[in-house]
Amino acid sequence: MKTAKIIGIAAGILLMTTPAIAQDSGEIGYAKGSLGYDALIAGDNETALKQLEAAEKVDAQDPARLINLGQTYARLGRTGDAARMFMAAMQGNHDFDLLLANGKVVNSRDAAELALRNLNNQIAAR
């Protein structure tokens, strides 16, 4: 039986504007700042990137981390890196159920696929 890990993820993933989240600030089950949530919400993409890259206690292949890195890269105009993060979250050995800010629960692979699709749509719309 597959074990589900519930983490929060901001509804903005659907709009390519907001990241996966934590307790109190949005990061559920993670050390505050390890997913760069508050920095992303504040629009401080450089700080979010630093936090995500420095998050030693978060597995490098953790889908929440990969999705937030993808969101950060997309915001910084690094679309190729963003696409690679979303694809890694879709194809990796780990997947969790993510709790969206709107209350919907979505598998991390599906959330990453949606984020990649939104990224591709944004690129095509340019």
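**Figure 1. The largest nonpolar core has 19 residues.** Ile-67, Leu-69, Tyr-73, Ala-82, Phe-86 and Leu-119 have the most contacts inside this core. Two or more residues come from each of helix H3 (45-54), helix H4 (63-75), helix H5 (79-91) and helix H6 (108-124). Another core, of six residues, lies apart; Ala-55, Val-58, Ala-64 and Phe-96 are among them. A nonpolar core is a set of buried Ala, Val, Leu, Ile, Met, Phe, Trp, Tyr and Cys residues joined through side-chain atoms within 4.5 Å. Buried means under 20% relative accessible area, exposed over 50%, and partly exposed in between (1.4 Å probe, protein chains only). The model is predicted: local features need pLDDT of at least 70, side-chain atom pairs count only at pLDDT 80 or more, and totals for chains, interfaces and linings use all residues. Residues are numbered from 1 along each chain as its sequence is written, and side-chain values use heavy atoms, with hydrogens and water left out.

**Figure 2. Surroundings of Tyr-73.** Neighbours within four places in sequence are left aside. Tyr-73 then contacts Leu-49, Glu-53, Arg-78, Thr-79, Asp-81, Ala-82 and Met-85. Contact means heavy atoms within 4.5 Å.

**Figure 3. H3 against H4.** The two axes come within 10 Å and cross at roughly 150 degrees. H3 is therefore roughly antiparallel to H4 (angles over 145 degrees count as roughly antiparallel, under 35 as roughly parallel, 65 to 115 as roughly perpendicular and the rest as oblique). Axes are lines fitted to C-alpha atoms, for helices over the stretch in contact, and angles run from 0 to 180 degrees between N-to-C directions. From H3, Asn-45, Ala-48, Leu-49, Leu-52 and Glu-53 take part. They meet Arg-65, Asn-68, Leu-69, Thr-72, Tyr-73 and Arg-75 of H4.

**Figure 4. Asn-45 in helix H3.** Asn-45 has a relative accessible area of 14%, so this residue is buried. Beyond neighbours within four places in sequence, Asn-45 contacts Leu-40, Thr-72, Arg-75 and Leu-76.

**Figure 5. Ala-64 in helix H4.** Ala-64 counts as buried because its relative accessibility is 0%. Leu-98 is 34 residues from Ala-64 in sequence. In space, their C-alpha atoms are 8.3 Å apart.

**Figure 6. The chain as a whole has six helices and four strands.** Helices (H or I, at least four residues) and strands (E, at least two) are DSSP runs, numbered from the N terminus. From the N terminus on, the order is β-β-α-α-α-α-α-β-β-α. Of the 126 residues, 48% count as buried.
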